[in-house]
Amino acid sequence: MTFLDHLFIVVFISLIAISALRNLRIVDKLAPVLYGLILIMLVRMSSVAYGGDVYLSSVSLDLLDFKMHWQFTALSWYFAIITVVAALASAVFMSGDWGRQYREQGGNYGMLQLALIVNVFSMILLLGSGDLLSLFIGWEFVSWASFLMMVLSPTKLAKKSAVKYIVYAMTGAMALMVAIVMIYSVNNSLEFKQIGEVFTQMSTSSQLALVLLFFVAFAIKMGLLPFHLWQAIAYAETPGPGAAFLGAISSRMGMFTIVLVIVQFIGLGGLKQLGISFVNMQTLLAWVAALTTIIPTYIALQQHDAKRLLAWHGVGQGGYMLLGIIMFDSIGSAGGLMHVLNHASYQAALFMTVVAVMYRTGTSDLNKLGGLVTQMPLTFLVMLIGIIGLAGLPPMNGFVSKWLVYRSLLVNGQPLLFVAAVLGTLGTILSVYKLIHNTFLGQLRLEHQNVREVPWSMLVPMLGLSIIVFITGFMPGLILPWIASVQESVGLPVIAHHLGGIEYAKGGLDMIWVSGILFYGFGVGALIFYFLGGKSKRVHQYDNYAGGHFLTSDVRYHYSNNFYPGLMHLIGGWYRGSFKWLENSIVSVVSFFSIFFENIYRAKQPVMLLLIGVVLALFALYRNLGVGA
Amino acid sequence: MKKELKIIQKERTNPLAHVFDDFISFCQSKSLFMLHYCTGCGAIELPPAMTSRFDMERLGIQPMVTPRQADILLITGYVSIKTLKRVILTYEQMQSPKYVIGICSCTVNGGMYWQSYATAKKLNEYMPVDVYIAGCMPRPEAVMEGLQRLKDNIRNDKKEHKGSAWKDYFNRYDYYLGNQQALFGDDWQTPTDIIAEAKLYDLETEETYGKHTKLLEKHQTPLLPQEMRIK
Amino acid sequence: MNALHLMAELIFMPLIAFIVGMMMVLMMRKIAARLQRRIGPPFFQPLYDIVKLYGKDTQISHGLIHDIGIIMAVGGYIGAEILLPVPGMEGIAAKGGVITLSYFLMIPSLGMALGVGQCANPNGSIGISRALTAMLAYDIPFILVVFGAAWHYQSTSLIGMIEYQQMHQWGIVEMPLLAIAGLFALQGMLGKQPFEIYIAPAEIATGPMVEMSGKYMGGLFVMQTFQLYTAGVLYASLFLGGGTSFLTLLPKAFLVVALPMSIAFMFPRYKTEDVIRILWKWPVMLALISLAFIL
Amino acid sequence: MNKVPIDEILNKVNGIKITHKRKTRIRVDVDADSLPTLLELIKGRASYIHLSAITCVDWIADNQFELVYHVWSYEEKCLISAHTRIDRGSESNPAKYVSVYDLFKPADFFERDIFEMYGVTFIGSPRMEKFILTEWNGVPPMLKDFDAEAYVQETFKWTDYNPDWLQELTDQGGGIAVKPEDIRTAGNTHNMSTHRERDKAKAAAVKANEKMQGWKQ
C-alpha cells in the first residue's frame, strides 16, 4: 500500500460516508473533517512536489489486453492540493448558517454535499490517471460530476445551462475518445508515453488532427475560445459554495490535461512544426489564449450580476494560464501554472464574498446593492484582497503570476500578445472596481440598514483564502518549488526561484522587497495622514455635495447602472453576440442534419438508401485499392 | 456688523503652537480657494478679476467648484429665499476656516430688490459674512480690494480676530438657525449636523444651543454617520 | 547596499520627488498663466496650498475606506518613487523593474477610486468611472511604449535602460515614433486637455475630488506632485537618456512635463469614448510602426 | 384656396372689438364667455397656433382681472393679443376661469403661474398647484392688495449703513432723478403700447417733479 492508495481509500470512504449520511445534520461537521483528512493524505505525499519520486498506485485493473493504472506526479499533486483546499473551504463555508438557510429555502443540501465529494473524488481520479484509458474514465467522471452540481439549482436557466454544458462536455469527450483511438490504432498501447512516440510517426495531417482533437476536448472543459459560452452561466447558476468550488478549480482540469498531454508529450517542437510559414500551432494557441483573456473579460464588464461577472472572469483568466504555458519557457510556464493556484484562491474567495452578500441581502444584482462596507467590513476586506488579486496588482498573488506571463511575452518579443494580456488586465481592473463599488461602496440602501456581517462559519474560509492570496503574493517562493518540480516532471525548463520571487538575468522580481516598499509607502502615507492635519468628522452619507441639492433617503443617488457608459458606447457593438451567433448557427446546422438523417432513416424509398450505401462502399473500396496500389 | 461677533479663542498649551499657527495662518492667507455662488448679475464682474486683467491667481486665489475644497464662498447678486436654502447648505458643507464674501448691494440690503417679498435682505443674518463688497455691480477693482481685505484679516487674525468670523456660526448657531427657521419654517433641516461638528471641534458655547436648536431636535431626522461594525 | 544607505534612500527618494514635484506644479501653473497672459502664482504657491489644506480646522470623512483611499493614493506613489531610480539613488529598482513600476502606478488610482466610492457621491462615481476608462485608454499605448523600450534596451530594469542610453544614443533618437507615442500617452496620464473629461469641473464638480476636503484634498495635491515627477523622470529615463546627475536629469524631466501643459490649451475636451478612440488609434499606430522597426 | 382675411374670422365672435396696432399686432377685446371660441377660431381657421403667453393684470379698482392671451401665427407673422376681463372674486370665493389647456398645451404652465401669482383657478387645467413659489404660503404675491413693502418691513431686518460721504449725497437728494413712485403715478403708462409714448410720459413726469427730493427709505 502506497500513500496514493491511502489517498484513494480515504477519498472513497469519504464518498461513501457523505452519500450515506447526507441527509443527517452530522454531515455538516463530518464533511470538513473528511476533507481535512484528504488534505493530510495529500500533504503526506508532498515530497513529490519537491522533486521526489512519482507515487504509483498498487491497484491496477485489467481491461481487455490492457492494464489500467494510476499514479501521482508533481503535476497531479499540484492540481490535487488546489482541489482539496478549495473543497475544504467550500465545505466549511456551507457547513454552518449558509447550509441552514439553504435548507430553509428548500435547497437539497445533502445533494450539494454529495455533489461536492463526487467532484473531489472524480477529480482526484482524473489527476491520478496513469494512462490514456484511466484519463478518459476520469474525464467522463469529472464531466458528469460537474453536471450533478450544476443541476442542483432549481431555476430554469440553471437546468438549461447545465444541459448545454453536458452537450459541450460530451462533444469534448468524443473528441478525446477519437484522439485516444487514433493513438491506440498505431501502437496498440494506451500508455502516456505513446502519445509522443505515435505523434512523431504520424503524417502531418494526422498530427494536426490529433492536436486539434486533444485541444478541442481540453479547451471545452477549460472554456477557451470559441467554446467559452457554456461556462459562465452554468457556474454562476450553481448554488453558493458550489459555484466557488467549480469556479476555482473545476475547469482547470482542462489545464491539467493540456499540460499533461499537449505540453508534456507533443511539446514545443511538435506544435511548431504544424503550420505554414509564420502561423504555427503555437502562435495559434497563443492567440486563442489571448482572445480568451480579452473577450470574456469584456463580457464580464457588461454583467450586472455579481456571480456572472466573476464567472466570466473565470473564463477570461484561463487565457492567462494557457498564454503562459504555451510560451514553453521557464518563466512563462511558471506563470501559467502558478496562475492556476492563484486564480483558484482568489476566485473562491470572491465567489464566497458574493454568496455572503447574497446570504444577507438576498440579491447579487449589482444595481440593487451598495454601501455595504459599514455593515459587512470583513467581507469587504476579503473582496478587496480578492479583487486586487484578480486584477493582478501588487502585493497579491495574481500580480506574481501575471508578471511572469508578461515577462515571458516580453522576453519572447510578442508585443501584440503582450498588449492583449494588458488589455485583459485593464478590463479586469475596470470590472472588479465596478463589482466592489456597486456592492460595498456608494450609498447604503434603506432596506439594507440592518444588514450584519456574516457568521464566522462563512468568514473563516473566506479569510483563510484571502490569507493564502496575500501570503503567496508576498512570498511566492512558497509555491515556486512546486511549480519547479511540475516543470521538471513535464520536461519544461525549470525556473530559478527564491522565497521572494524569481531570479532572472535581465530584471527579476522580489516580491518581499516590492511588498515591503509598498507597505513602507502606505506606512508613510498613514503617518502623513494621521499626524499632519487635524481630526476629521465622520458624516452621514446624505451629507454630500450635490450642487446644493438636498439628498434625502427617498431619493436613490447611487451611480451604478451602466457604470462605464463611454466605453460601452464605443466597444459595446464589437462583441455583441457574435459568438452567440456562431453557437446558434452551429445548432441550426446540426439540427438541419439531424432532420436530414432522420428522413433518410425513415426513407420511403429503401432503394435510395441502398444506392447511397453502395456508392459509399465503392468509394471506400476504391480508396483502399488506391492506397494499396 | 463686526461688533455682533463674539469669537472665543481657546488657549494653546504648546509653546511652539504659536509659531505653527502663525505659519498656517500665513499660508491660509496666501492660498484661498473660492467657490462662487453667482445667483444673478454680479457674476459678470468675476471673469476680469480672474483672467489676464487683474489675475486673482497671483494673490493665491483660484476658483474651485465644490464647497468641500473651497475656503471662500463668494455670493454675488440677489439671494432669493429658495437660493438662500442652497447657499446655507453649501456654506455648511464648506470646511473651516471658511469665509463668506457678499458681492453687490443685493447681499447687503436687498439692493434694487429691497421691497421684493422673494429675496432675503441681510445675508449676515443667516451666516457670518467676512467682507461685503457693495455696488451694483462692484467693479473688478473693488472685488480685488475686497479679497485683499480678506487676506489681511486672515493674516492678522490673531490680533484683531477679524478672520475668525466663521467660528461665530458654531458659537451662536441658535441665532442663525432661528433666522433660518423664521424664513423656512420650523421643520428646516440641512444634511450637515452643525451641532455635532461644534462639539467635535470644541467650538460650542452656551449660545450654540437655545430654543431653535430644540425645535430642530424635535423635527430633524437623525444624521448619525454609519459606523463599521463587525457584529 | 548597506542598511544606512537604504534608509537614506527610503527617506530621500520620496522627499526629492515631493519637492521637485511641487516645482513642477508651479511650473505648470506658471505656463498656464503665461499662456493666458497672466502673471501666475508666486513661487511658494504649491507649498502654501498644501500647508493650508493640511492646516484646515475641520474636515469630513465618509468612513474608514475614505481615509484608507487617501493613504493608498499617497503611499502607493511613495512606494513607486523608491522603484524609480534617480542619479545616485537606485532604491530597489533592481528588484522590480519597469513592469512592476507601471503596476505600482495603478495602486494610487485604485486607492483613490476606493476612497471616492465610499463617499457615496454620484459625481465622484461618475468621475471614477470616466477616470478608469481613461486609464484603459492611455495604458494601452503606454504599455506598448514600455514594451518597445524594454525590448530595444534588452532590459526591464530602468537602471539597465539608462546605462544602455548612456553608452549608445538616447532612446528618442533611436526610436522617435515610440517617443511620440509615449508623449501622447503622457498627455492622457497627466489628465491634461483634451483628456480631462474625468475632472470636468463645471459638469461633475471635479469628479473624484468632489468630496475631498482639508487633508484629504491635501493628500491628493501631494499625489499630484508625485504624479508629475514620476511621469517626467520615467519618460526622461526611457527616452532622454536619464541623467548622470540631477543637473542633467531634472531639466529633461521638467521639459517633459512642460510639453503637455504647453499644448493643453489648444484643445477642447474629448468625450470618454473619443478619448479611447483617439488614444487607441494614433499613439498605438505610431508605437506599432515603431515596434516593427525595433523587432 | 382663398385666404380669408383675419378680420372676417374675428368678426364672427359676438361683441368683439378689434384694434390694429401695427402690421404685426392685433389687439382684440372680447367677453370672458367668447374668448375660448375666439381662440378656437383663430387656431382652427387661421394659422394662429402658438400660444406664447398668458398674462394677467389686477384691476383692483374695477374688481376685475384682465387676462391677455398672446397667440402668434408663424405664417402671418402676426400676434393677436386677446384681452378679456373676469370677475376678481374675493378671498372666500376666488376668481375662476376656464382653462384653454385642451386647445394649447403650453397653457398648463401659464395658467399654473397665474394661479400661483394671482390666485385665479383655471377649471380644467391639469395641475393647479404650486409652481415656482414652493416656499411661499401667503396670499398670491402679485395681487395689488398684497403690500410687499409692508411684508418686507415686517419680515426682514436692514443693514444700517450711514457713512459721512453718503450723507452728503443724501442731503443733495440722493442722486435720484425720478422717484419711482412718481413714475408709477405719472399716468397710465402700462396702457401705452409704444415706447415713444411711454418715454414722453416719463419726460412729463420728470418735469412735474423738478423739485428734487431724497428718496425716503
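The questions and answers below explain the terms applied to this predicted model of four chains and the values behind them.

Local features are given at pLDDT of at least 70 and side-chain atom pairs only at pLDDT 80 or more, while totals for chains, interfaces and linings use all residues. Residues are numbered from 1 along each chain as its sequence is written, and chains are lettered from A, with ligands numbered from 1, in the order in which they are written.

Q: Why is B:Met34 called buried?
A: A residue is buried if 20 or more other C-beta atoms, placed from the backbone, lie within 10 Å of its own, exposed if 12 or fewer, and partly exposed in between. B:Met34 has 20 other C-beta atoms within 10 Å, and is therefore buried.

Q: What makes strand S1 of chain B mostly covered?
A: Of the 7 residues of S1(B), 5 are buried. The strand covers residues 32–38 and contains B:Met34. Strands (E, at least two residues) and helices (H or I, at least four) are DSSP runs, numbered from the N terminus.

Q: How do you know that S1(B) pairs with strand S2 of chain B?
A: Two strands pair if DSSP finds at least two bridges between them. S1(B) and S2(B), residues 61–63, have 3 bridges and run in the parallel sense. B:Pro63 is the bridge partner of B:Met34 in S2(B); the two residues are 29 apart in sequence, yet their C-alpha atoms are 4.7 Å apart in space.

Q: What joins S1(B) to strand S3 of chain B?
A: There are 5 bridges between S1(B) and S3(B), residues 72–76, and the strands run parallel. In S3(B), B:Ile72 stands opposite B:Met34.

Q: Which residues does B:Met34 touch, not counting those up to four places away in sequence?
A: Contact requires that the C-beta atoms of two residues, placed from the backbone, lie within 7 Å. With that exclusion, B:Met34 touches B:Ile61, B:Gln62, B:Pro63, B:Met64, B:Ala70, B:Ile72 and B:Leu74.

Q: What describes the packing of helix H1 of chain B and helix H2 of chain C?
A: Two packed helices are described by the angle between their axes and the distance between the axes. Axes are lines fitted to C-alpha atoms, for helices over the stretch in contact, and angles run from 0 to 180 degrees between N-to-C directions. For H1(B), residues 17–30, and H2(C), residues 45–54, the angle is about 115° and the axes are 8 Å apart.

Q: Which residues of H1(B) and H2(C) meet?
A: B:Ile24, B:Cys27, B:Gln28 and B:Lys30 meet C:Tyr48, C:Val51 and C:Lys52.

Q: Which chains have the most contacts among the 4 pairs that touch?
A: Chains A and C have the most. Their contact takes 58 residues from chain A and 73 from chain C. H21(A) gives the most to the side of chain A, with 12 residues. That side holds 37 nonpolar, 16 polar and 5 charged residues.

Q: How many bridges join S8(A) to strand S1 of chain C?
A: There are 2 bridges between S8(A) and S1(C), residues 60–61, and the strands run parallel. A:Arg538 stands opposite C:Ser61.

Q: How far apart are the closest C-alpha atoms of chain A and chain D?
A: They lie 15 Å apart, and no contact joins the two chains.

Notes:
Ala, Val, Leu, Ile, Met, Phe, Trp, Tyr, Cys and Pro count as nonpolar, Asp, Glu, Lys and Arg as charged, and the others, Gly among them, as polar.
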